[in-house]
Each structure stands twice: as structure tokens, then as C-alpha cells.
Amino acid sequence: MVGPYSGYLLRIDLSTGRIRREEIPKRWLDLYVGGRGLGLKYLYEEVPKGTDPLGPENKIFIMTGPLTGSLGPLTGRCCMVTKSPKTGTVNDGYAGGHIGPELKYCGYDGLVIEGRSEKPVYIRIMDKEAEIRDASHLWGKRVYETSEEMKKEIGRHASTAVIGPAGENLSLISCVAVDSHFVFGRGGTGAVFGSKKLKGIVISASERKMELPERFNDAVKKVLKESVMTEANMWAKTDGTPIIVDMSNAAGVLPTMNFREGYFEGASGINTDAIKSRLSRRVACHSCPMACKKKIKTRYGELKAPEYETIGTMGSNLGISNIEDLAKLGALADDLGFDTISLGVTLSFATELTERGIVKTDLSWEDAESYAKMIEDMAFRRGFGAKLADGVRKAVERIGSETSRYALHIKGSEIPAYDPRGSFGMALAYATADRGACHLRAWTIADEAFGKMNPYTLDGKAELTKELQDKNSIKWSLIICDFWLASYEDMAILLGAALDKEISVEYLRKCGERIWNLSRLFNVREGFSRKDDYPPERFLKESHTKGASAGKVINIEEYEKALDEYYRIRGWDRNGIPTKAKLMELDLSEEAEKAEREGVSLP
Ligand code: SF4
């Protein structure tokens, strides 16, 4: 393939069986770059207001970025955009492995899947050829087996994205697993596949080559030396995300027993040392010198080492202090096709209800066996597992509204593994995240509890949140991994070299802000506004008794002030609606007109 873009998408309609290759408007590539930006633009244009996320009208956009498949460091990840059945918002997620590069080498910048099949199918893409194949023999199988079988059927190197029983049974906390180790984790992506009777995708390119201008090699060498292989990023190579466990525990933000505490006595049993002492091998995404993923030896055999988010939400949050038991639980969750963040927080919610005598279950803190049984029941919607199968918001509807105070979510999405009472900016970051509570859009804790800013104030956090959200919007459009702290200058060097033209930092900044505003416009069109941008009650009213964050709560008046400030900096009104002037400034006037035609009143 020549150049950073093929300029084409592959579009597959599962209702009609029609498969076609179509050109991407050149202007969209200039304005949205790729990945998140381009996926959101297609979502905004093609998925109308009020679309049922589990209906045939919802679409799946699997997008690459201009650097995907190149030798650019940490650029091998891939983006999936859809409307979330979990939150009703936009949903973009990123998975490593090889699916993005394979798609690119086959000659496509993206894959659009629409409609709904009558019977189980999977999509097979080999070079330019694609077909929809029967998946009756795979339906009902778990993730690892499905992925292996699909690869075997193709008979050569291939990459897969598949769902397990949780996705088939339309669990709103199910995910799509890539190459059995990576996930499009959040937002119920597995249920979107399941609703289309799509068991998975397998992609294989016979030639893995991308020809870029000569200067691209020099640009790669430069950023590798000056920005990637530096002390700031080496944690990814030496430890990976489990290094955060001890940092979070020290800061009092490690979720413990359904976020009732932020300090866990058993943290040393599930931290990075517990993993490193059992290391069996490392796993890397395409063209990544970090290889941050790990496999560990356990008494249950070789297992995937849990990432920090799994450790925080399914480990300390469930009182589990043994890394081998936790890895086994994580592997079960992966094999059934669950998002481990939502799963862990849903299990901790149910355990607290059990402890308080509100419901009767066998769940008990520290008891990995009781959790394993419940996870199976959730995947197949059996017994009490049926009440929990869609996460905490749905569970509250099924169990009783008096339980809502124990349900930790924002916009329906369970809270990730940083308790904001030890790093207040995370409350604003979670609440203003466009896909519901998300730690990645603005990881303010790096500057707060893990950095130099005062973590116990919201002063200055509105600006920080906006800056990080915009930056990640463009970073995820190029699709650069979160674990490289790439600067705007780094991104400009790589993209400029790939396109063989000058790319300015100002251009990238504007793209990032445009993309964030487009996702807000989508959500506003769906009825979201200020009322949805608040942290859950527990963070406002209950404090921890132990650790660095003991006694702290988010003050609601200060939060309101920070939210006002955030909207003001964004150029939105007090209700969180983007103004026409801001949208015009960002070249979004056509999108604004479309929103108005669909009944949105823009200030
Ligand atoms: S740092 Fe880890 S997640 Fe990121 S690209 Fe490399 S192997 Fe993949």
C-alpha cells in the first residue's frame, strides 16, 4: 500500500449481504484525520437521532489512523465507534493487537458494518476480498476458542475481533475481544455485535507493507530517540499499567469494596511486583517496542496478567488480594466477553447489597469462587445474574430505586479504577467524558495525585480537563497508544512526514477541539446536557476512613463552579450546549444545521 491512506472504506450490510468499497470524502480526512475523528463523523452522519443502539440502524465503524500499519512507534492500535447501548452516547474504544494494521494492509482505512443478519455470521476479509460466512458452528463458543477456530479456518496469519456468550446474550457490559488479549472494552460493544448476529471478524493480508515517504523513517528515528524511549515512558516497558496499583493506593484512590475506601491493605498481593515475579512472556501490539502486555505463570496455568483497571475494579474493589485468583477471574471474564471495569463495579455493587441484607446472594468480599459463579450466571442471564447482566443502572431498575446510592456510574457507565475523592479533577473528567465515566479522555490524576497539582481542589481542573480531552481526540484520530506521552509536536512530525507536507501544532489542536465538539453535538442531539454531567452521590456525600483521601468528599458547590468554568472555556452555554459561534469557528456549521433540522436548539 502506498501512502498513509488508501482513501477507501469497506462497507458490509448484514441485512442485504451487500459488500462494497467506497471512497472516503477527502475533506473528511483533512478535518477528522482518521480513527476517532473520522469514525465520529460517519456516526454523526449515518446514525440518526434516536436510533436504537441494538437495532439494525445502528452501525459499527472500525477505523484505522493514518499511521496504522506504519513503523511509527505505538501506532498499531485500532478504533471502533458505535452508538452505545449502555449509555446512549457516542462510544469509541481502542484495541491493540493486529486488527488495524491487517485491515490497512488489505487496502481499507475503515470497515463499516450495518444492518442485521437473520442467522449467526462472521466476516472474513482476505486482502481486497470480503465475505459474510455462516457462524452457526461458532455461536455459543467462548472468546478464546472462537478466535482460534476463525484463525484456523483462514489457514494463515490473521487477526480476529470476536464476541463471547455475554455479547451473544446482549449483555450491556459485554465487549469485543481482539486477538484474545485486547478489547474494545466499554459501552456494550459486544452487544452491538450480538444484536447483528455478528460473531466476529477475521482479517488477513498477504502482503504487510506500507510505502511512506523517505522522510518518515527519519521522523520515526527522531521521535523514538527523543520522545518514546525516554524515562517518561519506560514504565510501559518495565511494568505496564500494574505499576499504578501502589501509586493509587498511596494516593487513596484505589477502589476498595465498592469505592467505600480508597486504600486496600492487600494491594501488595496484586501489584506490579506480584505480576513481575510470575512473568512468563510479553505481548506487543504491531510495531511496538514497549510490549507492555504480559502473561504470567500461575497455579491455574499461564494466564493474561490483569491490567490496572481490572486489578482496581475486580481486585481491590472485590477484596481480592491474590494475583493468581484475580488473573483467573479476569481470564474467565475475557473468555465470556465482558468489560472487566463494568463487571467489577457491578459485582461490588451486588456484594454491598448482599452485605447490607438488601438482596440475598452468595457473593462475599475476597471470595473469588463466588464471583466466578456469578460471572457465569451473568453471561447466560441465569438467576440473580440476569439482574446484573447489564451493569448497575439496569440492576437498580430491576432491584429497586433505593439501591441507586450504591450504584457507581455516570451516564450508565460504571466508574473506572480511580476514586475521585483522592484526585478531584477525575470527577469532572469522568462526568464530562463523552462516553460516560471514562478515565482515558482526561487522565487528570497524572497532574494531580500523581503530579504536582493539589488533588483536593477543583481549581484549574476545568482547563486541564478540556486540554486533555482535545489532545486525546486528535491523538486517537492518528491512533497513537495512550502509553506514549506524545506531544503535539511529536504528532505533527509523524503525520507531516507520512503525508509529506508540513503539519502545524495549531492544525492538530483545532482538529482535536473540533472532534470533541462533534461528539458533544451527537450526545446533545440524543438529549444529553448539564443534568447528565455529575458524579454519583457517594463521591459527594461519603468519605473514606483510611489512607491519604480519608475524610474527603467532592463539594457540590465547588463542582458546579468547575462545571460552569468548563462549559465557559469550551464555548458552550450554561446547560452544556455548544454555541453556534463555537461550532462555526470549528468548521462545524453544516453539522450544527443538521442538529437544528433534527430539533436541537443551539444557543
Ligand atoms: S504500549 Fe502496550 S498497548 Fe500500547 S501499543 Fe505498545 S504493546 Fe500495545
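User: How many bridges join strand S13 to S14, and do they run parallel or antiparallel?
Analyst: In this predicted model, strand S13 (residues 279-283) is joined to S14 by four bridges, and the two run antiparallel.

User: What is the bridge partner of Val283 in S14?
Analyst: Val283 pairs with Lys293 there.

User: And S15, how many bridges join S14 to it?
Analyst: Four bridges join S14 to strand S15 (residues 301-304), and this pair is antiparallel.

User: How many residues are between S14 and S15?
Analyst: Two residues, and the strands form a hairpin.

User: Changing topic. Where does Leu540 lie?
Analyst: Leu540 is in helix H21, which covers residues 537-541.

User: Buried, partly exposed or exposed?
Analyst: Leu540 is partly exposed: its relative accessible area is 22%, and buried would mean under 20%.

User: What does Leu540 touch, leaving out residues up to four places away in sequence?
Analyst: Leu540 touches Pro535, Val553, Ile554 and Ile556.

User: And Glu560, how far from Leu540 is that in sequence and in space?
Analyst: Leu540 and Glu560 are 20 residues apart in sequence, and their C-alpha atoms are 12 Å apart in space.

Technical notes
Residues are numbered from 1 along each chain as its sequence is written. This is a predicted model: local features need pLDDT of at least 70, side-chain atom pairs count only at pLDDT 80 or more; totals for chains, interfaces and linings use all residues. Side-chain values use heavy atoms; hydrogens and water are left out. Buried means under 20% relative accessible area, exposed over 50%, partly exposed in between (1.4 Å probe, protein chains only). Contact means heavy atoms within 4.5 Å. Two strands pair if DSSP finds at least two bridges between them.
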